[in-house]
Structures are given as C-alpha cells and as structure tokens.
Amino acid sequence: MSDFIEKARTAETLMRTLFSATPLQRNDHLSGIYDADIWLKREDLSPVRSYKLRGALNAMAKARARKPDQNLFVCASAGNHAQGVAYVCRHFDVKGVVFMPVTTPQQKIAKTRMFGGDNVEIRLIGDYFDDTLAEAQAFCRDAGGHFLSPFDDLDVIEGQASVAAEIADQMGRAPDMVILPVGGGGLSAGITQYQQSAAPKSDIRYVEPSGGKSLRAALDAGHPVKLDHVDNFVDGAAVAQIGDLTFEVLKDTNVDHVLAVPEDRICSTILDMLNVEGVVLEPAGAMSVDVLKDLHTEVVGKTVVCVTSGGNFDFERLPEVKERSQRYIGVKKYFLLRLPQRPGALKDFLQILGPDDNIARFEYLKKSARNFGSVLIGIETASPENFETLFSRLDEGGFVYSDITNDETIAEFVV
C-alpha cells in the first residue's frame with residue numbers, strides 16, 4: 001500500500017466519526033442515454049451537501065493533533081468550504097471565524113451560521129474575494145489561528161481523497177473511468193493520487209467550466225497562472241488560479257483529458273437531473289454529468305463514475321437556470337424589433353407568430369414625432385427550428401429586427 005493510499009484510508013476512517021459514506025448509485029437514466037454503466041458518487045448528499053466537509057475535517061483534525069491547544073480556525077469562503085469548516089468547528093467545539101464577501105447571498109450566510117452555531121463567527125468584508133482572503137489571512141496571523149485553505153493544502157487533499165477510497169470499497173472493482181470536476185484542484189488532486197496507485201488502469205477525465213479553465217491554463221503554461229476573467233456562475237468551481245500543491249499532482253495530465261463545459265449547457269443538465277431524477281445539483285456538482293455529452297463515444301460500454309460534487313443549489317436561481325438553458329438549446333430568443341407607429345402594426349406582427357411561439361417579454365415605448373418605435377421582445381417556442389420559420393416570415397413582412405440573444409453586452413442589461 002502506498003503512503004498516500006494509507007493516508008487517504010486514515011482520512012476515510014476519520015470521516016466515519018462524523019458522517020456515513022456518501023452513496024455510490026448506478027443511474028439507469030444516464031446509463032441508457034450513453035449506453036454505458038454510469039454511477040454517481042453522491043457528494044451532494046453529505047451533511048453539508050458537498051465534499052468540502054472531508055478536507056476541512058481532515059485538516060482540522062491533523063492541525064489539532066500537531067498542536068492540541070489550537071482552538072481558532074479561520075477561512076475565507078462564500079460557499080461550500082465555509083459550510084464544511086463551520087460544521088467541523090462545531091464538531092470539535094472550537095472557534096471558527098469565516099470571512100465572506102459582502103456580496104455573499106443571505107442563503108449561504110444562513111447555512112454557514114446554521115452549521116456552525118455558536119462556534120462560528122461570520123465576518124462580511126470586501127466586495128471581491130481577493131479582498132476577503134487578504135483580510136482573513138491577516139486576521140489569522142494576528143490572532144494566532146490556523147488558516148484552512150479550501151484546496152491548496154496537503155491535509156485537505158488527503159481528506160478529499162477519501163472519496164476515492166469509498167468508491168473502491170463500494171464498487172468492489174476499479175471503474176473504467178472516473179470523471180472529476182475541477183476548481184482549485186483539491187478533489188481532483190486527491191482522487192488522482194489515489195487512483196494512480198490503487199487503480200492505475202482507470203482513466204480519469206477532468207471537467208472545468210468554460211469561464212474558469214484554470215487547470216487547462218496551468219497545463220498550457222507549465223505552472224499555475226491567474227486567469228484574466230472568471231465567469232462566477234459555476235461558483236463552486238470558478239477559481240482564477242489552480243493551487244500550487246494541487247497542480248504539482250496534476251501537472252502531467254494529458255491536456256486532451258481536460259474538458260470545458262459551457263455554463264448555459266450545465267443549466268440544461270441541472271434541470272434534467274432535477275426534473276427526471278429528482279436530484280438537486282449545484283452548477284459545479286452537475287459538471288461531471290454534463291460532460292458525458294462530450295465523452296459519448298468514449299464511455300460506450302464502460303463503467304463510469306461521475307463525482308457529483310455538490311448540491312447547494314439556491315432555488316432563487318432556478319429562473320436564471322431555466323432562462324440560460326432555454327437560450328442554450330435554442331428555444332428562447334430576444335429581439336430588438338423596429339415596429340411602425342401606426343394602428344394595426346402590432347397585429348401584423350402577432351399574425352406572423354407560429355402556433356408554438358409564445359411572447360415571454362414585450363417592452364415598447366412610443367416615440368413622439370417618429371414613424372417607427374423599438375420593441376424588446378422575448379419569444380419562447382417548442383423547437384429551435386420554429387425560429388427559422390419565424391425569421392422567414394419577418395423578412396417577407398419587411399420587418400427590421402436584430403437577434404440580441406447572444407449579445408452579452410446587451411443581454412446583461414435587458415435579459
């Protein structure tokens with residue numbers, strides 16, 4: 001047994017003092033779609049609905065073993081890491097100070113407070129995470145606390161590797177492929193190290209959000225680099241720079257095994273898993289399932305484990321998720337329509353719509369002393385092909401219009 005496997009196994013034993021192993025479930029729905037044997041490692045069913053609890057528990061336990069009087073732990077997080085740290089602080093009855101950006105949604109603040117109870121103090125500081133992180137680290141140094149990194153920490157990596165140890169026990173054999181979501185790299189580094197020793201013949205695929213490809217950028221550069229821009233929609237994996245320690249494990253990864261999935265397509269997967277399977281996944285937690293669309297030919301006939309890393313989904317985001325999904329699959333579009341300012345003009349337009357075309361948004365402001373006015377209109381339909389018919393009818397009718405669906409600058413203000 002390798003040294004790392006032994007450490008991961010020790011971490012797995014530690015997990016059992018706090019929670020049961022998360023389920024490894026065969027998914028008939030996905031298996032049928034992809035003609036494969038698809039299993040989900042349900043980290044979304046941990047006590048804090050993400051795998052982050054594992055790294056926090058292992059790191060805190062080892063810190064206390066090295067320094068038994070260490071009773072102050074500090075972290076900076078606006079999401080799952082904060083909740084994991086809070087849960088473990090209450091478990092060990094130690095004080096935790098969690099720094100969060102001022103812009104953190106109240107739902108996440110409330111859940112962190114619920115998990116930590118009286119053991120945790122939450123400090124809202126900074127509009128941007130970098131500012132929050134700097135404040136947390138400065139406070140930790142001054143107060144003599146132990147800083148708990150969300151991913152770039154050897155003890156955290158070992159804790160996340162307990163996922164792989166559980167998969168091995170639950171499956172009883174090595175899967176042909178394991179699909180891992182990547183943010184800062186803690187989970188992927190831990191599972192990769194374990195698999196390389198315990199099941200070297202298993203393939204590993206890594207998936208990042210298109211707006212946060214920090215692993216791919218690091219592999220291209222040969223070292224961790226900070227992305228110029230990050231799309232924060234996949235908040236559980238939208239990391240500007242992969243960790244130094246995690247990249248050390250992942251630096252020899254084949255770049256062809258690192259895939260990126262578009263944020264809007266992830267939304268379709270979230271809705272599919274919710275509506276068909278009753279499984280609630282956050283955007284980062286859905287990535288390993290979503291990327292099956294790109295791996296379709298590779299997974300046929302194989303046993304595949306997808307790690308669903310988290311289920312902390314705020315249902316206030318559901319309208320946005322539905323909107324982005326509809327726009328991605330092409331059944332909803334937005335237009336700027338130039339409409340004559342005369343009686344009957346709107347009626348002429350409405351007659352162009354097909355039987356499955358529905359107006360989802362309509363904003364019109366009459367202009368004085370002008371022959372035409374502008375209309376912002378959103379249309380939902382049953383099939384993307386219906387828009388081809390609509391465009392043809394608009395052109396035949398002499399209407400002037402602009403499709404702004406994919407214009408991010410305009411959509412940011414009007415959609």
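Colleague: What share of the contacts in the protein chain with a separation of 6 or more comes from residues 24 or more positions apart?
Modeller: Such residues account for 75% of those contacts, where a contact means heavy atoms within 4.5 Å. This is a predicted model, in which local features need pLDDT of at least 70 and side-chain atom pairs count only at pLDDT 80 or more, while totals for chains, interfaces and linings use all residues. Residues are numbered from 1 along each chain as its sequence is written, and side-chain values use heavy atoms, with hydrogens and water left out.

Colleague: How many helices and strands in the protein chain?
Modeller: The protein chain has 18 helices and 14 strands. They are DSSP runs numbered from the N terminus, with helices (H or I) of at least four residues and strands (E) of at least two.

Colleague: And what does the C-alpha trace span along its principal axes?
Modeller: The C-alpha trace spans about 80 × 50 × 40 Å. Of the 415 residues in the protein chain, 53% are buried. Buried is under 20% relative accessible area, exposed is over 50%, and partly exposed is in between, using a 1.4 Å probe and protein chains only.

Colleague: Helix pairs next. At what angle do α3 and α4 pack?
Modeller: Helix α3 and helix α4 (residues 80–92) pack at about 45°, with their axes 8 Å apart. Axes are lines fitted to C-alpha atoms, for helices over the stretch in contact, and angles run from 0 to 180 degrees between N-to-C directions. The angle makes α3 oblique to α4; under 35 degrees counts as roughly parallel, over 145 as roughly antiparallel, 65 to 115 as roughly perpendicular, and the rest as oblique.

Colleague: Is the α3 and α4 crossing left-handed or right-handed?
Modeller: The α3 and α4 crossing is right-handed. Left-handed means the near helix is turned anticlockwise from the far one by less than a right angle, and right-handed means clockwise. Residues making the contact include L53, L57, M60 and R64 of α3 and H81, V85, V88 and F92 of α4. By class, the contact of α3 with α4 has 10 nonpolar, 4 polar and 2 charged residues. Nonpolar covers Ala, Val, Leu, Ile, Met, Phe, Trp, Tyr, Cys and Pro, charged covers Asp, Glu, Lys and Arg, and the others, Gly among them, are polar.

Colleague: How do the axes of α12 and α15 cross?
Modeller: The axes of α12 (residues 263–277) and α15 (residues 318–329) cross at roughly 115° and come within 8 Å. That makes α12 roughly perpendicular to α15, and the crossing is left-handed. In α12, E263, I270 and L274 are among the residues that meet residues of α15, including L318, R324 and I329. This contact of α12 with α15 divides into 8 nonpolar, 2 polar and 5 charged residues.

Colleague: And α1 with α8, what angle there?
Modeller: Helix α1 (residues 3–15) and helix α8 (residues 162–171) cross at roughly 85°, with axes that come within 8 Å. So α1 is roughly perpendicular to α8. The contact of α1 with α8 has 5 nonpolar, 1 polar and 4 charged residues.

Colleague: Different topic. Where does Q70 lie?
Modeller: Q70 lies in the loop between α3 (52–66) and β3 (72–76). Q70 counts as buried because its relative accessibility is 6%. Neighbours within four places in sequence aside, Q70 is in contact with R64, V94, G144, G145 and H146.

Colleague: What lies 2.8 Å from a polar atom of the Q70 side chain?
Modeller: The backbone oxygen of L72 does.

Colleague: Is M287 buried or exposed?
Modeller: M287 has a relative accessible area of 0%, so it is buried. M287 is found in α13 (residues 283–290). Not counting residues up to four places away in sequence, M287 touches P181, V182, V207, E208, P209, V234, A237, V261 and I266. Its C-alpha atom is separated by 9.1 Å from that of I270, 17 residues apart along the chain.

Colleague: Backbone now. What is the phi of D35?
Modeller: Phi of D35 is near 50°, a positive value in a residue other than glycine. D35 sits in the loop between α2 (28–34) and β2 (37–42) and counts as exposed at 52% relative accessibility. R49, also not a glycine, has a positive phi of about 60°. R49 is in the loop between β2 and α3 and is partly exposed, at 26% relative accessibility.

Colleague: Last one: what follows α10?
Modeller: G222, with a positive phi near 90°. Within α10 (residues 214–221), S214, L215, A217, A218 and L219 are buried. The buried residues of α10 pack against β8 (203–209), α11 (244–250) and β9 (258–261).

Definitions and conventions. Polar contact = N/O pair within 3.5 Å; in protein donor to acceptor, adjacent residues only side chain to side chain.
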